[in-house]
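Please read the points below with the model open beside you. Each one takes up a topic that can be checked by eye.

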Amino acid sequence: MAIRAPHIDIDPYDDTVLNEPYRMHAEVRAAGPVVFLERYGVYAMGRHRDVHPAIKDWETFSSTGGSGIADIRKPDAWRPASPIVEVDPPQHTKVRSAMQRILSPLVIRGWREDFEKEADRLMQQLVERIAFDGVTDFAEEYISTTFPAALGLYPSPEQRENLFLLGELNFDGQGPRNDRFEATQKRADLITDWYNASMQRESMVPGGFGEKIYEAADAGVIEPELAPLLVRSFLRGGLDTTSSTISATLWYLARDPKQFSLLREDPARARVALDEAMRLETPIQTVGRLTMRDVEVDGTLIPNDSKVIMMLASANRDPDYWDRPDEYDMDRSLLGHVALGNGLHMCLGQMIARLEGEVLLRSLVKHVSEIELTGAPVRKLNNNLRSLKSLPVRIKPI
Amino acid sequence: MANIFYKTHKGETLEIDAKPGDSVMYTALAKRVQGILGECGGSLACATCHVYVDPEWLQKLPPMSELENEMLDATACERQANSRLCCQIEISDELHGLTVTIPETQL
């Protein structure tokens, strides 16, 4: 006989919790396989052993109710679903395959040289400066140059600021309609025209992958009305997440010179260095799912048609799964980390993110022998995106 | 149990006890076999678990999907007639003795 989920009164979107969510995660994991968040009327799961298989089981835990806390099919929260993130098979299969062809590893590998040039250009500037901000001058600077170029957006002076604002809105929107979301929405309202124009075909530089999405629509592979929505997914999801991973990696490397030495010894560790930072930071903290039937999770019942918040960040530091969960160790086995999801909804842009991060870290170790923190890092609070606002560092050039 | 043999491009052979139901990619990662990255976790997004299957085993493997076939055109080392993505090979008792060779690079 299944038991009911314990009700707990915590607010995952409170400033204090967003700053340091680890105690909340421990509380959720300790309370049971599933808890009910009274304040929001949704279920939540935080144990690795439950989250890892659940996010893969799309037939039970569907994405069609929206990626956030709200059920987007209900009248009070209705909005159109994302044609890739918020659909399941069979519709998902068609769109995902089309996108996978456009973002083939072969295509992405072709960007390496351009990304390397950009990384070296940036690092040459930063070694002149010695002291800089690891978020705005390093991670965000790099991503806001490489990613829009790969997507194929015409550069404009307001582009960087606007794209990061869209990311902020996207991830604030996955939480409740709180003051934080309302404030971001207000700022984003001012760039609506720019936003709408940026996903149209006229905004795509020939040769970028944005243009290829439109060509897939021409060829009848995807519905024509999906093309701008798919471009939109990349405008909203492609920058902050990668930038957060990169700045977190720099932070962990600055805190632990031994780990930085490991990377310097063998720069081929760059990709695992990023992956381990992704695990600890988990840029996208949670994903929302919707139950398609009454389901028992380790003996606890979640009724049909319930929204469930999958706490990826909690699973990624669950001491029942990870040895020394809070420690940054690029030599550990990272099998099973869920920062990019699991199963058919796993992050589509991950190979772009990995290439960007790898190339930048390789350039970093080519130019820098020591990294030192010169102040406390400051968090940028968002309803669902965990990232830093600033990370003051000083480097020793080689 | 089923034993899987992983040959490195340097000619070394590792014999691994594998659990039926796991994939050849998952087993390699769990046992920390070098040279198989499986970065996308088996979602057919990365082509970093490319292996060359010993020809005698090819017919015994699960058939190749269209997407795997396309992803194999995007591998870092050249695709050959016996290329597979090993995230798509589920281990069973019938695959006891399966031998795969790991290419020089996956990136």
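1. A salt bridge here is a side-chain nitrogen of Lys or Arg within 4 Å of a carboxyl oxygen of Asp or Glu. A:Asp331 and A:Arg269 form such a pair, with 3.3 Å between the closest N and O atoms. A:Asp331 lies in the loop between α16 (312-315) and α17 (350-367) of chain A and A:Arg269 in the loop between α14 (257-265) and α15 (270-281) of chain A, so the pair ties together parts 62 residues apart in sequence. Helices (H or I, at least four residues) and strands (E, at least two) are DSSP runs, numbered from the N terminus.

2. This is a predicted model, in which local features need pLDDT of at least 70, side-chain atom pairs count only at pLDDT 80 or more, and totals for chains, interfaces and linings use all residues. Residues are numbered from 1 along each chain as its sequence is written, chains are lettered from A and ligands numbered from 1 in the order in which they are written, and side-chain values use heavy atoms, leaving out hydrogens and water.

3. Buried means under 20% relative accessible area, exposed over 50%, and partly exposed in between (1.4 Å probe, protein chains only). A:Arg269 is buried at 19%, while A:Asp331 is partly exposed at 34%.

4. Over all chains, 40 salt bridges are found. One of them joins A:Asp15 to A:Arg180, with the closest N and O atoms 2.2 Å apart. A:Asp15 is in helix α1 of chain A and A:Arg180 in helix α9 (residues 179-189) of chain A, so this pair ties together parts 165 residues apart in sequence. A:Asp15 is partly exposed, at 42%, and A:Arg180 is buried, at 16%.

5. Is B:Asp22 buried or exposed? B:Asp22 is buried, yet has no salt bridge; the nearest side chain of opposite charge, B:Lys19, is 4.1 Å away. For charge, Lys and Arg count as positive and Asp and Glu as negative, with His and the chain ends not counted. B:Asp22 sits in the loop between β2 (13-18) and α1 (24-30) of chain B.

6. Helix α6 (residues 112-129) of chain A has 18 residues and reaches 26 Å from its first C-alpha to its last, close to the 26 Å expected at 1.5 Å a residue. The expected span is 1.5 Å times one less than the number of residues. Its buried residues include A:Phe115, A:Leu122 and A:Leu126. Just after α6(A), A:Ile130 takes a positive phi of about 70 degrees.
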